[in-house]
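Please look through the sequence and the model shown here before reading on. The briefing that follows takes up a few places in the chain, grouped by topic.

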Amino acid sequence: MSQQKMTPETLWSLKRLSVMGVDEAQKNIYYKLKIPNVEENNFDTEFYKISITGGSATKISEDAVEVVSKNISPNKKYELFDKTVRIEEVTGKNRYKNLPKSNAYVYTDLDIRHWDTWNDGTYSHVFYKAKDAKEEEGIDVMPEEPYYSPQRPFGGDEDYIWGPDSEHIYYVSKKVKGKAYAQSTNTDIYKYNLKTKNTENLTEENKGYDMQPAFSKDGALAYLQMKTEGYEADKNDIIILKDGVKQNLTAQWDGTVSSFTWNKDAKSAYFTAPVDGTIQLFEVDYPGKKRKIPQVKQLSKGDFDVKSIVLQKENKLFVTRTDMNHAAELFTFDLKTKSFTQLTHINDEVYKSLDLPKVEKRYVTTTDGKKMLVWLILPPNFDATQKYPTLVYAQGGPQSPLSQFYSFRWNFQLMASQGYVVIAPNRRGMPGHGVEWNEAISKDWGGQVINDYLSATDELSKESFIDENRMAAVGASFGGYSVFYLAGMHNKRFKTFIAHDGVFDTRSMYGTTEELFFVNHDFGGAYWEKENEDAQNTYGKFNPINHVAKWDTPIFIIQGGKDYRVPIEQGLGAYQAAQLLGLKSKLLYLPEANHWVLEPQNALVWQHEFFNWLKGTL
């Protein structure tokens, strides 16, 4: 029976697994599946449990989920939750009670919008209540404070936990507002006393991120910390606080932690981290009061991403895992044999019917003599005697790992299945290749990183199976910036471009983006700082708009209407320039989309327009 190739419709039929938790006896893992419903333009949800020993999963109702909640206090008397409270009168209808139909907003400071939402004077706050009490009886641990916990836009209940004594609540918050909020990454971990209602800042001395608090069985508090204020992609370390003493477990290790969990014996912690184009499992020991440097060991190895650690049970870790050909599934990892066993098989039937692309690792020498990893994704039934059109993929972030992730938009399996070779360089700025490599992109967006793209393009285009006359550069966010910048200096290397929510004008970006800490750090400062060499490079020679007169290649531009990270004028300005230059160009405008495309029907429009453009220009 002949195999099929991945299509946009097949991609958007795949079920998406997310783990809900484990029961009290640690016998079953509960998870839910989000199933795209294209006709209704939303997602259906199904609930399952599976034994930690494996076997078939059992479909259950949502009411039958028996997950142990970390929001219940250790003494079982109280429950933590969060809800939104109104602190300030920002909207017209709240400022003027006789004007209930007003949709106006009034501001006198910054932090006016974030991600895809205008701030309306409400803040997320942590509450606690007696276990059987009604929600409205809950007590706000930060009453009348104009600060967020959980953090917006993506914080959840990982931002608050119970102390082991059930007498304290620990929560994460960035307690600055207005202009300071927009320019700071200084979240702290706060300790709230239920009896006295007093709050203590446990991480006041650190001016960067402090996140993800978690206690060991021995009462040691671990959390993730970035040192540099305003630097969202700084090295992430595991810090332990015990008996008033803080210890950095990963200070001597040349990497950055993604997530962690305590070992049950409290003598070490397991964590995930990017390394060499993948995300792997690691362990670091906790010496306690012993005078020794903690040792980091890499536990797993292979071409896959370990996305999360769900549970430790005896000598096994239960994790979720992806690779470029497979969406997330549950696996066990045996700590003795260092081997994985797949537990769930959510999409096996779909994958069995498909010819899968081949993924290879290549290494290219950069213009400054460094060794750079490049992922090479080859079409199904690859024939090295043929020549293939090729996509050079520019990753966003700019400091996000280009690893074995499985995207439902920038999906390498789908791209290769349409007959394209994909070149995906782990260019400057990627974590997983040491802290120095990770940091090298800041204040140098149009510098060495652009040379890295060209090094990968030029070296791999020598392969006999790559049609060097049919190459495209594609990407989103910083990848979109990369496309706009390359369009003005690529010297005919590329036949077509695709940019999604990319930075087109760094000066305008500084004036409209919401997280100013990001542009302050990565751009080097504000555009009016004329004596600031880094900033003037960003707004001068590294600004794509300053090279637009050299654009000479077809370009497809995609822009979300509610993208406040890279706002709408970026995409519209690029499209208008291309049109006025007389270039073959196309705009896909998604009015309700933020920095991503989430609705099934718009996602399918995105995919079809993406490949239609390539068919017509490549």
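In which helix is the place of Leu11? Leu11 belongs to helix α1, residues 8-11, where helices (H or I, at least four residues) and strands (E, at least two) are DSSP runs numbered from the N terminus. The model is a predicted one, in which local features need pLDDT of at least 70 and side-chain atom pairs count only at pLDDT 80 or more, while totals for chains, interfaces and linings use all residues. Residues are numbered from 1 along each chain as its sequence is written, and side-chain values use heavy atoms, with hydrogens and water left out.

**Leu11 and its surroundings**

- Leu11 counts as buried at 0% relative accessibility, where buried means under 20% relative accessible area, exposed means over 50% and partly exposed lies in between, for a 1.4 Å probe and protein chains only.
- Not counting residues up to four places away in sequence, Leu11 touches Met6, Tyr406, Ser407, Phe408, Asn411, Leu414 and Gln607, a contact being heavy atoms within 4.5 Å.
- Leu11 and Gln559 are 548 residues apart along the chain, and their C-alpha atoms are separated by 22 Å.

**Nonpolar cores**

- The largest nonpolar core has 102 residues, and the members that touch the most others are Tyr393, Phe412, Ile423, Trp551, Phe610 and Leu614; such a core is a set of buried Ala, Val, Leu, Ile, Met, Phe, Trp, Tyr and Cys residues joined through side-chain atoms within 4.5 Å.
- Leaving aside neighbours within four places in sequence, Tyr393 is in contact with Leu402, Phe405, Trp410, Phe412, Val422, Ile423, Ala424, Pro425, Tyr453 and Val474.

**Packing of two helices**

- Helix α7 (residues 448-460) and helix α8 (residues 478-486) pack at an angle of about 80 degrees with their axes 11 Å apart, the axes being lines fitted to C-alpha atoms over the stretch in contact and the angles running from 0 to 180 degrees between N-to-C directions.
- The two helices α7 and α8 are therefore roughly perpendicular to each other, since angles under 35 degrees count as roughly parallel, over 145 as roughly antiparallel, 65 to 115 as roughly perpendicular and the rest as oblique.
- On the α7 side the contact is made by Val449, Ile450, Tyr453 and Leu454, and on the α8 side by Phe478, Ser482, Tyr485 and Leu486.

- The side chain of Ser300 reaches the backbone nitrogen of Leu281 at 2.9 Å, and, apart from residues up to four places away in sequence, Ser300 touches Gln280, Leu281, Val306, Phe333 and Phe340.
- Lys301 is also found in the loop between β21 and β22, but Lys301 counts as exposed at 77% relative accessibility.
- Asn543, in the loop between α11 (533-539) and β32 (555-560), counts as buried at 2% relative accessibility.
- The side chain of Asn543 reaches the backbone nitrogen of Thr506 at 3.0 Å, and the residues that Asn543 touches, not counting those up to four places away in sequence, include Tyr485, Phe504 and Arg507.

**Backbone details**

- Most residues other than glycine have a negative phi, and most peptide bonds are trans.
- A cis peptide bond, with omega about 5 degrees, joins Ser149 and Pro150, and Pro150 lies in the loop between β9 (139-140) and β10 (160-162).
- The peptide bond from Gly397 to Pro398 is cis as well, with omega near 0 degrees, and Pro398 lies in the loop between β28 (388-394) and α5 (412-417).
- Glu144, which is not a glycine, has a positive phi of about 65 degrees; Glu144 is placed in the loop between β9 and β10 and counts as exposed at 64% relative accessibility.
- Asp501, a residue other than glycine, has a positive phi near 45 degrees; Asp501 is placed in the loop between β31 (496-500) and α9 (506-512) and is buried, with a relative accessible area of 0%.

Key. Polar contact = N/O pair within 3.5 Å; in protein donor to acceptor, adjacent residues only side chain to side chain.
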